[in-house]
Amino acid sequence: MIFEGDKGVIGAIKEKKRLMDAGLSHEHIKPVLIIDGGLMKGAYGVGGALALEELGYTEVFDNVVGISSGAPSAAYFTIGEVNVGSAVLWERCCSKKFLNMWRFWNQVNTDYFMSALREEGGSGLKAQKVLEARTKIYFGVANFQTGEPKLIHPTSTGELFTALQASILMPNVSKDIIHLDNIRYADGGFTKPHVLELVRSEMDFTHLLMITNQDHIEEVIPNLPLLERFLNHTLFRWRMPHALRFAAHERWKERMKAVARMKEQTDVSCALVWGDRSIRSMERDQQVVKEVVEKSRLWWRKLLEE
């Protein structure tokens, strides 16, 4: 993993935990955690959330924002059950039933994934517990027609599962359709501007910690892979209106623009953790996924225990 930004963010969340454990006033420290998307690169975020959970940071964050593949990790984190939910990643997401790049009509089956989250017991997500948690959950989604970002703070079980599925639903590779309050939504990473801009303008926080679930890029901002760009303009063209397709193509640039603006702010501290190219977006090897989760978990533990 690669750290970028203000190390003071880590110091602040450690200080808030110390104050909370001692029963002292801690309201002046208002951290927010963002877990962004990257399909199977979400393994980075699972490892990070596991480490934070193991070291007792679940309630340190006032708000947690999950975007795309970071949405389920964020939800499990709010209730301290990433250790339970992480099994979904290798037991379900590594299956061809969920991810199959040759199944062009539905390469990413979000209905199948959500069936695992809705299961009672086992690795299923305890929705009511999430709604009642001290740490508030928000899901970043895109308006399907316009590509505009929206933060949804669910208030019911049905709304929670619907918003979560919308956040992970990449309309170019999934045939699933999600509506909430008669508005169709899609993947929270397919927005222009990036959802991070809404976090910056709508939330009250002093420190921001973002698990990007993306690999660190030192050179110029990369373009969308040629294959995905080609498919979006041909085979998948009919699946997305122009505005959303444009937002999807620009998502890397929009993320970096939002990050740059956040780092320029003087009233908040910002830190990001990037991946190290250990895993591909469409990875389906269970062993690789488990190894990346563990590698990330150990890296985060070292960072937090320094």
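In which helix is Ala116 found?

Modeller: The model is predicted. Ala116 is found in helix H6, which covers residues 110–118. Its relative accessibility is 3%, so Ala116 counts as buried; the cut-off for buried is under 20%. Leaving out residues up to four places away in sequence, Ala116 touches Val88, Arg92 and Gly124. Ala116 and Gly85 are 31 residues apart in sequence, and their C-alpha atoms are 9.6 Å apart in space.

Next, a loop residue. Asp176 lies between helix H8 (157–168) and strand S6 (178–180). With a relative accessibility of 5%, Asp176 counts as buried, because the limit is under 20%. Its partners, again without residues up to four places away, are Val108, Asn109, Thr110, Asp111, Gln165, Leu169 and Arg184. One of them, Val108, is 68 residues from Asp176 in sequence. The C-alpha atoms of this pair are 9.1 Å apart.

H8 leads on to helix H3, residues 70–78. H3 is mostly covered, with nine of its nine residues buried. They are Gly70, Ala71, Pro72, Ser73, Ala74, Ala75, Tyr76, Phe77 and Thr78. The axes of H3 and H8 come within 8 Å and cross at roughly 145 degrees. On the H3 side, Ala71, Pro72 and Ala75 make the contact; on the H8 side, Leu164, Ser167 and Ile168 do. By class, the H3 and H8 contact has five nonpolar residues, one polar and no charged. Gly80 follows H3 and has a positive phi, near 65 degrees.

Now the packing around helix H13. Helix H2 (residues 42–54) packs on H13 (residues 286–305) at an angle of about 45 degrees, with the axes 7 Å apart. That angle makes H2 oblique to H13. Their crossing is right-handed. From H2, the contact takes Ala43, Tyr44, Val46, Gly47, Gly48, Leu50, Ala51, Leu52 and Glu54. From H13, the contact takes Val289, Val292, Val293, Ser296, Arg297, Trp300, Arg301 and Leu304. Sorted by class, the contact of H2 with H13 has eleven nonpolar, three polar and three charged residues.

Helix H1 (residues 8–21) also packs on H13. The angle there is about 75 degrees, and the axes are 10 Å apart. H1 is therefore roughly perpendicular to H13. Ile10, Ile13 and Lys14 of H1 meet Leu303, Leu304 and Glu305 of H13. This contact of H1 with H13 divides into four nonpolar residues, no polar and two charged. Leu304 takes part in the contact with H2 and in the contact with H1.

On to the cores. The largest nonpolar core has 80 residues, and those with the most contacts inside it are Met40 and Leu125. H2 gives the most to this core, with seven residues. Met40 touches Leu89, Cys93, Cys94, Phe98, Leu99, Ile279, Arg280, Ser281, Met282, Glu283 and Val289, not counting residues up to four places away in sequence. Val289 is also one of the H13 residues that meet H2. A second, separate core has 22 residues, including Val65, Leu151, Ala258 and Trp274.

Last, some backbone details. Leu39 has a phi near 55 degrees, a positive value in a residue other than glycine. Leu39 lies in the loop between strand S2 (31–35) and H2. At 15% relative accessibility, Leu39 counts as buried, because that is under 20%. Asp181 also has a positive phi near 55 degrees, and it is not a glycine. Asp181 sits in the loop between S6 and S7. Its relative accessibility is 65%, so Asp181 counts as exposed; the cut-off for exposed is over 50%. A cis peptide bond joins Lys192 and Pro193, with omega at about 5 degrees. Pro193 belongs to the loop between strand S7 (183–186) and helix H9 (196–202).

Note on methods. Residues are numbered from 1 along each chain as its sequence is written. This is a predicted model: local features need pLDDT of at least 70, side-chain atom pairs count only at pLDDT 80 or more; totals for chains, interfaces and linings use all residues. Side-chain values use heavy atoms; hydrogens and water are left out. Axes are lines fitted to C-alpha atoms, for helices over the stretch in contact, and angles run from 0 to 180 degrees between N-to-C directions. Helices (H or I, at least four residues) and strands (E, at least two) are DSSP runs, numbered from the N terminus. Angles under 35 degrees count as roughly parallel, over 145 as roughly antiparallel, 65 to 115 as roughly perpendicular and the rest as oblique. A crossing is left-handed if the near helix is turned anticlockwise from the far one by less than a right angle, and right-handed if clockwise. Contact means heavy atoms within 4.5 Å. Ala, Val, Leu, Ile, Met, Phe, Trp, Tyr, Cys and Pro count as nonpolar, Asp, Glu, Lys and Arg as charged, and the others, Gly among them, as polar. A nonpolar core is a set of buried Ala, Val, Leu, Ile, Met, Phe, Trp, Tyr and Cys residues joined through side-chain atoms within 4.5 Å. Buried means under 20% relative accessible area, exposed over 50%, partly exposed in between (1.4 Å probe, protein chains only).
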